Amino acid sequence: MSFFHKQWRGITCVMFGGVAAGLSGAADSSIDIPDRARTEQIVSACSGVWNSWNPQDSFSNDLPRTALLGNGDVGIVSGGSGMEKTYLISKSDFWSCGNLKGKFSADKRYKTQPLPIGGVTIRPVAESSALAETKSFHEKLDIWKACLETELTGMSGESVSMKAWMAATENVLIVELKSPEAMDLEIDVWCKADQECFPADVGTDENAGAVSRWTFNGAPENPASWRSQAVLAPSVVHAGLPDHWKNKSEATVSRIVRLQPGQSSWLVVAIGGGGQTYGHDGRLKGWDPWVKARELLGLVRNEAGVASLLKSHADWWREYWTVSSIDLSPSDEETALAERYYYGAQYLMGSGIRNGKLAPGLFGVWHTTDTPNWSSDYHLNYNFIASFYGTASSNRCDLLMPAAEAMLAMEREGMERAANQIELQRINREYVNSRSALRKGIADAILYPVGIGPWGTVTDDSYHRELLNVSYSSWPIIQYYNYTLDRDFLARTYGFLKKCARLYEVWLERDEDGRCLLVAGYNEGSWAHNPAVELATVKMLLAFLIKASEELDMDAGKRSFWKDLLTRLPEQPVSEWKGKPVFSLAEREWKKNTWKQLDNPIPWDGNILPLDVILPAGELGYYSPAEQQQVGRNTIDAFGDGAWGQINNFPRIFYDAVQLRYPAEKILKHMAGVLKKQMGNNLAVRDGYHGLEKVGATAAINSMLVLKHKGVIKVFPNWPKDRNAAFSRLRVPGGFLVSAAYDGCRETVVKLEITSLLGGRLTMACPWEYGTVVALDSSGKKLPIIESSEPEWNERTLSLPETRAGETYRFSSFP
């Protein structure tokens with residue numbers, strides 16, 4: 001009988017003949033489902049730390065490199081130099097109207113885009129301190145507390161510490177100021193004032209001591225146009241001097257704060273306004289930004305108010321972190337990087353996305369220049385929705401809502417476009433003119449351009465020969481329902497999805513046998529038969545509409561039509577590449593005035609588009625036929641190792657690989673390779689072009705731990721056999737929260753709990769190869785289990801035919 005040891009973090013497992021001593025599900029395992037204390041320990045260890053700073057890292061046309069704070073509406077970017085500390089402030093709905101023509105323009109006045117507001121700058125007063133340059137600098141981003149801690153020490157040895165919070169529940173920035181010795185600090189609160197078209201000013205009379213910035217309206221004749229105004233209103237609590245702010249410049253107010261040794265003073269800045277503050281006619285449309293800022297400031301006029309708001313902030317983030325959690329028990333650099341990335345991404349989601357607020361654009365809520373790349377818009381041919389890939393499986397379904405609302409807000413504009421033959425001709429004039437069904441437009445349908453913004457605006461009025469901006473971007477709506485089964489939401493969005501499908505009902509060609517042909521681009525600017533991405537997302541849309549119509553008991557006749565249409569769509573295009581079948585970009589492409597086979601089924605830039613059949617489409621997954629999965633794995637291999645690091649692939653390729661049963665060790669290895677190069681101290685993954693979408697790879701890590709496909713839940717479906725892992729309350733479709741622990745020493749699941757939020761049937765793949773499985777409800781009652789097998793892979797399954805909403809079920813295996 002063989003004897004060997006495995007050891008992690010000082011824990012030794014003794015195994016005989018490869019079989020661990022003890023029972024599966026034993027309570028004394030060294031790995032456990034993470035509780036709140038364990039989650040706090042893990043998250044706190046993922047803090048970002050800086051011991052030097054580069055002032056230029058704060059200012060970027062994409063995502064800044066410095067520490068980021070946010071509450072889903074207001075974003076704070078850390079900045080400064082020497083002994084001068086700056087907090088840059090932006091707001092998700094502080095958008096400039098531009099001319100509403102959807103064209104990228106070198107003239108800032110005419111671009112529809114978000115803008116920064118301004119900031120806060122804090123520096124020692126020269127007369128009271130010899131501090132000029134720093135002797136030491138230390139900054140820590142504590143993501144558990146969503147707090148930025150800064151320590152500055154000058155050449156003379158005097159020091160000042162600052163702690164900053166962007167309050168989670170109100171639009172108030174709080175900065176605690178403290179020094180071991182008496183010190184005078186000058187505080188400037190300012191709005192960006194270097195662009196005449198985006199004016200800034202100081203308040204007067206009752207608004208004195210505050211500053212504001214305005215956007216530009218380049219289309220005042222358009223009733224949909226607007227101007228936005230944002231206000232920064234500061235106050236200092238317990239400052240040793242009266243709270244009096246003086247006008248320092250046209251857009252800056254300033255005051256002196258006298259710090260007493262070891263005592264805290266609090267700078268609070270209320271952020272009011274944003275949104276479509278004034279209509280095209282200049283009339284106020286809602287809250288006066290000055291009034292709103294003063295109202296917010298009233299919440300923190302004294303220490304009790306500050307303490308109350310900080311408590312609400314701490315409570316919010318504590319709840320956020322315990323909604324779900326993972327514990328990868330890192331025993332190597334790869335799992336350590338994956339865990340650090342995961343919690344950094346969850347932090348960015350919690351800071352940059354909030355239900356009830358505008359959806360974040362390409363660079364979230366953090367804008368520090370007036371020229372954000374691609375107008376930091378909602379780019380619909382993957383970038384926008386990638387930011388939301390991991391939200392539902394992380395049990396944060398509410399974060400999908402801003403994406404869904406952004407899609408719905410464009411509905412009227414999309415219908416006008418689809419009904420306009422000129423818009424269809426912009427996709428491909430020759431093709432549209434050759435189709436009588438298209439020459440007059442498509443009524444009751446929706447067509448979206450590639451770039452949109454909030455409130456139904458257009459930022460990039462291009463189609464790139466693709467229609468897929470509609471089918472692809474229906475994903476957030478589909479995902480939200482699949483994970484919540486929210487029937488009211490389904491009823492509210494059903495009509496929208498019907499209009500999305502209507503576009504393809506008319507656009508699709510049919511041959512004499514009734515088979516369908518989709519003609520569109522497989523990538524920007526191409527023209528092809530059955531392009532892979534669009535074909536897959538059309539199938540996703542139709543399959544969901546069939547389910548939705550059944551749930552709502554509507555459109556029985558239409559449902560039959562959709563079912564027939566779905567069956568007549570072709571299979572995903574497959575080509576041969578170096579002797580192996582791979583998923584291709586399309587069946588054929590139009591090139592040099594003829595239809596021909598693609599010269600290369602792999603795009604020149606390594607973008608793994610053919611595998612969008614997995615994410616977002618969900619047409620291929622873990623329990624798909626082995627032959628299809630092999631084609632998928634061949635496709636990854638055909639792209640080569642470079643595909644893992646290709647800048648468009650990060651949110652998708654790792655999830656794709658998990659679903660394709662690609663070796664877990666290789667998935668983690670390649671993910672770590674990207675993270676080592678691209679993950680910064682602020683825990684954001686940056687490649688110089690993309691932004692918030694990089695958080696989407698959280699979906700891959702979640703799916704390595706638990707997934708549901710074809711109605712079957714499976715825990716640790718693609719996790720290295722010899723590595724510990726555990727998770728709490730990850731969510732799968734149908735409204736089930738799953739918690740489990742896996743012991744890599746014994747190579748077995750040691751704990752498994754599933755909470756049914758909505759009731760219904762629960763079916764899972766049995767995680768134990770041997771033994772009798774027992775299911776208990778919360779009262780300890782043993783429940784009957786129906787055993788069967790998953791038909792495609794003949795995997796043993798266990799079912800509870802009917803679960804109770806709110807009940808938690810615990811599963812164990814005994815010899």
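Reader: In the hairpin of β32 and β33, which residue takes a positive phi?

Author: K592 does, with phi near 55 degrees, and the hairpin has two residues between its strands. This is a predicted model, where local features need pLDDT of at least 70, side-chain atom pairs count only at pLDDT 80 or more, and totals for chains, interfaces and linings use all residues. Residues are numbered from 1 along each chain as its sequence is written, and side-chain values use heavy atoms, leaving out hydrogens and water.

Reader: In which sense do β32 and β33 pair?

Author: Strands (E, at least two residues) and helices (H or I, at least four) are DSSP runs numbered from the N terminus, and two strands pair if DSSP finds at least two bridges between them. Here β32 and β33 (residues 594-596) are antiparallel over three bridges, with K591 opposite T594. On another pairing, β29 (residues 528-529) meets β32 (residues 588-591) in the antiparallel sense over two bridges, and A528 stands opposite E589.

Reader: Why is the pair of F650 and F654 edge-to-face?

Author: Rings of Phe, Tyr and Trp (its six-membered ring) pair if their centres lie within 6.5 Å; planes under 30 degrees apart are stacked, over 60 edge-to-face, the rest tilted. These two have centres 5.5 Å apart and planes at 75 degrees, so they are edge-to-face. Both lie in helix α17, four residues apart, about one turn of the helix.

Reader: Which residue lies over the face of Y320?

Author: R396 does, at 3.9 Å from the ring centre. The rule asks for NZ of Lys or CZ of Arg within 6 Å of the ring centre and within 35 degrees of the ring normal.
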